[in-house]
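Please consult the sequence and the coordinates alongside the text.

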Amino acid sequence: MIEIVGLTKTLYSGGHPLQILHGIDLLVPAGEFVAIMGPSGSGKSTLLGLIAGLDTPTSGSVKLAGQELVGLGEDALARLRGRTLGFVFQSFHLIPTLTAEENVAVPLELRGDRDARPRARALLATVGLAERGHHLPGQLSGGEQQRVALARAFVAEPPILLADEPTGNLDSATGERVLALLADLRARTGTTMVLVTHDAGLAARADRVVTLKDGRIDSDRRAG
Amino acid sequence: MAVREVRTGWQRLLFFLLSIAVGVGALVGIASFSANLEGAIRREARTLMAADLELTSSQPFDAETRAAAAAWDDEGARAAELAEMPSMAARTDGSRTQLVELKALRGDYPFYGELVLEPARPLAELLADGGIVVEEALLLQLHVAVGERVKLGSRSFRVAGLLRREPDRVAAAFSLGPRVLMALGDVESAGLITVGSRVRHKLLLALPPQLDVAAVTSELDAALADERVQVRSFEAAQPTLRLFLARMRDFLRLATLVTLVLGGLGVAQSIRVFLQQKQDTVAILKVLGASTGEVTAVFVVQCLGLALLGSGLGLGLGALIQQVLPRVVGELLPVEVVGEFVPAAALEGLAVGVVTALLFCLLPLLAIRGVAPAQILRRELAAIPPVADRRARVLALIVLGGGLVGLAAWLAGSWWLGAIFVGGVAAALLVLGVASAAGLALLRRLPRARSLSVRQGLGNLTRPGSQAAAVMVSLGLGVAVIAQIQLVQSGLLARVADDAPADAPNFFFVGILPDQVEPFRALLAAQGALEGHRLVPIVQARLARVGGREVAEMQFASESQARSVTREFAITWQDALPPGNEVVAGTWWSPEAAGRESWVSVEESLARRLELEVGEELVFDIQGVRVATTVESVRAVDWGQLQTNFMFILTARALAGAPTSWAATARSRPGPEGRRALQAAVIAAMPNVTAIDAAEVIERVQALVDRIAGVIRFMAGASVLAGLVILAGSIAATRFRRVREAAIFKALGATRGVLLRSLAIEYAGLGLVAGTVGTVVGAGLAWAVLTLVLGIPWHAPIGVMLGLPVVTAGLTVLVGVGALLGVIAEKPLAVLRGE
């Protein structure tokens, strides 16, 4: 489902090259749940961003569901994301001007889905927010916002879900609830999932844990 | 510390500088330009009069006046005599005619300045033996060449040369037609001066250096018994034009206040956003022991520095405006203006800019009081924008209002006018604010749009913390100013041109002699122009006594007020109340009474100015003969109608025996052929009659109004520019938020097209509301000016009413989307990382 070959990323800071990723090779088969761990600055988020086509690699290749990302234009990348990716961010990143239900409907609307609203409403009910659909993000608690974000990530039934510290901004009880939901949704849809986290407990739930260190894969092991 | 604080976040403050710079630039531009114009007029004053002093009168000078002037000949003074009047020129075959401004002269004209002639020979030589010198426009109009003949009055004259420049000619924009120069003796022989001619007689004097011009002027003034003769030194040359230019200057200076106020709003906006970013700094400074006063002082010093910098930038802009203005003003100017640096104008601009900026910093700076030191520990505190307490805000508002009135009073030169102006701007801002808030509330209440782009675009306008309302008010004010100018202008022009009914007269004839009245009627009948024609007798008169007071002894507040009473009036007698007139006090007389009594009916506004009531005495001076009348009625007059109207209408008995000429209004057969035929027939049969083609006059009025409106619109453009700076500032203030949202949308699969569409919808909505509200407010102001002040019926040209909001929306989309193109292009990864 995800094929990464020889992926490097170099940034220039004050005229000096700073290599973030050194030739990453990673294959994630369909339906697998991979946790990416590593200390701060090890390149986790950069890797996730490159998988999503949100940034361009310095060299190497990224394929999602057989489609090569490198060389695609900005709009083609956006369309590909709309078709194949769901996102969950640490700080939720809901659109503040849209209601909870409208936020969930965005990926469907961008695809031109006609029944976006009913489907969004149904998924909101699944995450336990049936009554909060008309509220703006500012009127929701952190846990509720992240549940809306989960619904948004799953609503278009993407084959791949990318999550970046999804519980990092939540207290442990709320975080636990969100994780249970995430696991439940994944189980229902069979989505391939790549999750970046610092939390070893969370990583333990994954099928596989990849640890990065200084921009290289330090270990790659099956969980359990 | 103040400097250190500015170092970060300076981009935001760029809009502070720009906001102030636009207003200061407009002010300095106008002030420098008018100072240079006044300087040029003062330097060229002798040229503008072509003499050291002049005597002017609407009557030929009597022997006594001539003797008084000639008395200075022994001291070395030289004299020239001029007569200026409108007249008709025609081809000798009568096929083409043209209204001209005739200047007949005797003596050594001009004493100062240069008369540029072609061929370059002495004027006297060219004018000898029935020669005339004309402006080229006349030759083009009549299809005549130099050396050929042109008919003026009862004679024909040989065109001996072309007039290229004339020192004392009033700016071309104000003239009725091309200039014709001829010898004074020829005017008399051609019978050009008759009872009804509107002649301006002038005696020009050039004094030798040892004589003091001012002393000679006042000595001559005292020596002349004839009140109709005005004596003026070169320092007072061209009084009407100078009054016009001074009024224009005062108006434009005051108009820059709109731009300054808008700039102030921009300053307030920048400082508010800047302080929001600096809340942590403020809190930390307070934790470290700085008092609110000390922290405020840091930011006040910053504001002062920025205000100085912005005003300095404005000086540069002003220099630029000063260079452009002469091109905009163009033909309205009698002299060439050099764009010199004017220190007084620059100083004034600096001072006004700094004061405006500081006044508008006041309210946002109060927020410093509301920042709690604890917020560096508890982030959620920082999310609530700090506000000062109510009392402090009211106090700040009072200082702001008072300061603005002071500024306006300074710019207008009158407390009263300043207060009215600030009140007007405040009222307009209030109306715009309420209307914008209502517009946004309406948007919020609309059912949520189905399209994502529409929902997101409109949502951005109505979201909490949106600056849409502020932008709408500031853009709206600029649009309102433009709309008002446009609508008043088109209202005025529509009144004279388009709205004239098809059967309205299109010709005015003046100077018809009493024995020409019947032949004139016959001529109209032959030309098919008899229907609807109107002939009225005209007598030239001045006011001698008003309600028991001698006019000569009356005191006036200003020269213009004095002139409005002491000027020469064209008065008439009528048996019946003319159309378009309505008696508002007293009664109209019967034909029998008109033959028996000496009564007068006075126009309403003049009666008010003269404090005249029915039954009071009014004495006229008709060429030295006093005619006493009693006010029998007061009339309201519809001046908008294309017909001859009068301030004073008398009974036939009152004016029996007075020297009379007749004026007529008539309608020619349709089309340019009919107009030309009627004009040619009249000039051929009665060369002393002046025919004025309404279409030509309207064209000239239009050109003049266009020029003046162009100057005003240029200045209004500055206020729109200030509005756009505020728009750009608000975009900058929300840029960070937009980058983040664009990144989320992109991560979710939105293409750049989707993002562009939602931006375009947002700014189109913003511009449409601002444009509509501004146009409506401007239309309200225009309505007030047209119907309440000018008494012209209001009608709104649909093109302007619909076009302005659309143009505003287009401009807003251009600026908004243009400024945010970078946001759309940015890579969304930073958001994923939570940076």
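The buried residues of α2(A) pack against β4 (59-64), β6, α3 (100-111) and β7 of chain A together with α24 (694-747) of chain B. Contact here requires C-beta atoms, placed from the backbone, within 7 Å. Helix α2 spans residues 74-84 of chain A, and its buried residues are A:Ala78, A:Arg81, A:Gly82 and A:Thr84. A residue counts as buried if 20 or more other C-beta atoms lie within 10 Å of its own, C-beta atoms being placed from the backbone. Helices (H or I, at least four residues) and strands (E, at least two) are DSSP runs numbered from the N terminus.

This is a predicted model, in which local features need pLDDT of at least 70, side-chain atom pairs count only at pLDDT 80 or more, and totals for chains, interfaces and linings use all residues. Residues are numbered from 1 along each chain as its sequence is written, while chains are lettered from A and ligands numbered from 1 in the order in which they are written.

In chain A, six strands form an open, mixed sheet in the order β6-β7-β8-β3-β9-β10. Because β6 (85-88) and β10 (216-222) of chain A each have a single partner strand, one side of each edge strand lacks a neighbour in the sheet. Strands pair if DSSP finds at least two bridges between them. The parallel pairing of β6(A) with β7 (residues 160-164) of chain A comprises four bridges, and A:Val88 stands opposite A:Ala163 in β7(A).

In chain B, β5 (residues 131-134) pairs in the parallel sense with β7 (residues 155-165) over four bridges; B:Val134 has B:Leu162 as its bridge partner in β7(B). Two bridges join β5(B) to the antiparallel strand β8 (residues 179-183) of chain B, where B:Leu181 is the bridge partner of B:Val133.

Conventions. Buried ≥ 20, exposed ≤ 12 C-beta atoms within 10 Å, placed from the backbone. Contact = placed C-beta atoms within 7 Å.
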